[in-house]
Amino acid sequence: MTLFPGYFETPFATSIIARAKKGGLVEFDFVDPRDFTADRHRTVDDYPYGGGCGMVMKPGPVKSALDFVKQRCAAAGAEPPLTVYLTPQGELLKQKTVVEFSEREHILLFCGHYEDIDCRARSLFDREISVGDYVLSGGEPAAALIADALVRKIPGALGNPESSTEDSFSKEEGLFDCPHYTRPPEWEGKRVPDVLLNGDHKKITEYRRARALINTMRVRPDLLKIERLSEEDFKIVKRYFLDYHDIGD
Ligand code: ADE
């Protein structure tokens, strides 16, 4: 639900989302709250009570647009959508939220604009989600981002069926993915770690786990859930981090 459906033209016509749409794996519909206004100027915003800068989205068109979607779902015999208001004041989006959303048949992402929506309309939504601790000029980039993360979770949407389980495995577990290398084996004096070249799959798996653990520790120690790590994880980290120094970049 957006005042600017044109915003999504390129992201939804590109790459994995476009392919998923073409293959009938996902469908997108756009509803513009401006179509649910009654005045000549199709007004969706107004001045804030109490003063202050910025405008506020009026609650009426928000409710009418939501009711329209709910009625349409009911008429089609579909379950009502999970309604999500995108706002920097919302709960921070995590991979586990993406997985939870991906289990729904329908999801409605409401892209706010101006300063905020009238606070009385917030109770119309099931969830309030922020995509990060920064302020965007509207909810559209947040909606495109969530759509991308959701489409990746649809079975068959990715070319390689393992890609999603691997990256989500890491993130859902609170770990970074391991670093990746491709040819050439040496580039600008930097060599691909030997372990990735010798075809020993057990060692490769161990190496990748070690790198995921070490990189998470270095950059996002807050993600790491120590209690979830196994004895083997500690051994792997010790082996690679403390004993073995050719771990690459
Ligand atoms: N709208 C503006 N900023 C936002 C953010 N960080 N997340 C979600 N929606 C937003």
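How many residues line the largest pocket, and which lie nearest its centre? The legends below answer this and tour the model. The model is predicted, so local features need pLDDT of at least 70, side-chain atom pairs count only at pLDDT 80 or more, and totals for chains, interfaces and linings use all residues. Residues are numbered from 1 along each chain as its sequence is written, and side-chain values use heavy atoms, with hydrogens and water left out.

**View 1. The largest pocket.** The lining has 33 residues, and E27, F28, D29, H106 and I107 lie nearest the centre. A pocket is an open set of points on a 1 Å grid over the protein atoms alone, with protein on both sides within 12 Å along at least five of seven lines; lining residues have an atom within 4 Å of a point. The space inside is about 930 Å³. That volume is the space filled by probe spheres set on the points, which are joined across faces, edges and corners. Elements giving two or more residues to the lining are α3 (59-75), α4 (95-102), β4 (107-111) and α5 (140-152). Helices (H or I, at least four residues) and strands (E, at least two) are DSSP runs, numbered from the N terminus. By class, the lining has 24 nonpolar, 3 polar and 6 charged residues. Here Ala, Val, Leu, Ile, Met, Phe, Trp, Tyr, Cys and Pro count as nonpolar, Asp, Glu, Lys and Arg as charged, and the others, Gly among them, as polar.

View 2. Residues around the ligand include L86, P88, I129, Y134 and A142; each has a heavy atom within 4 Å of the ligand. The shell holds 8 nonpolar, 4 polar and no charged residues. Its largest share, 3 residues, comes from β3.

View 3. A polar contact is a pair of N or O atoms within 3.5 Å. A ligand nitrogen lies 3.3 Å from a polar backbone atom of T87. For G132, the distance from a ligand nitrogen to a polar backbone atom is 3.1 Å. For L136, it is 3.0 Å.

**View 4. The largest cavity.** The structure holds 1 cavity of 30 Å³ or more. In a cavity, a 1.4 Å probe fits but cannot get out. The volume of the largest cavity is about 40 Å³. Among its lining residues are E173, R209, K225 and R228. The lining counts 3 nonpolar, 1 polar and 4 charged residues.

Notes. A polar contact is a pair of N or O atoms within 3.5 Å; within protein, one must be able to donate a hydrogen and the other to accept it, and residues adjacent in sequence count only if both atoms are side-chain atoms.
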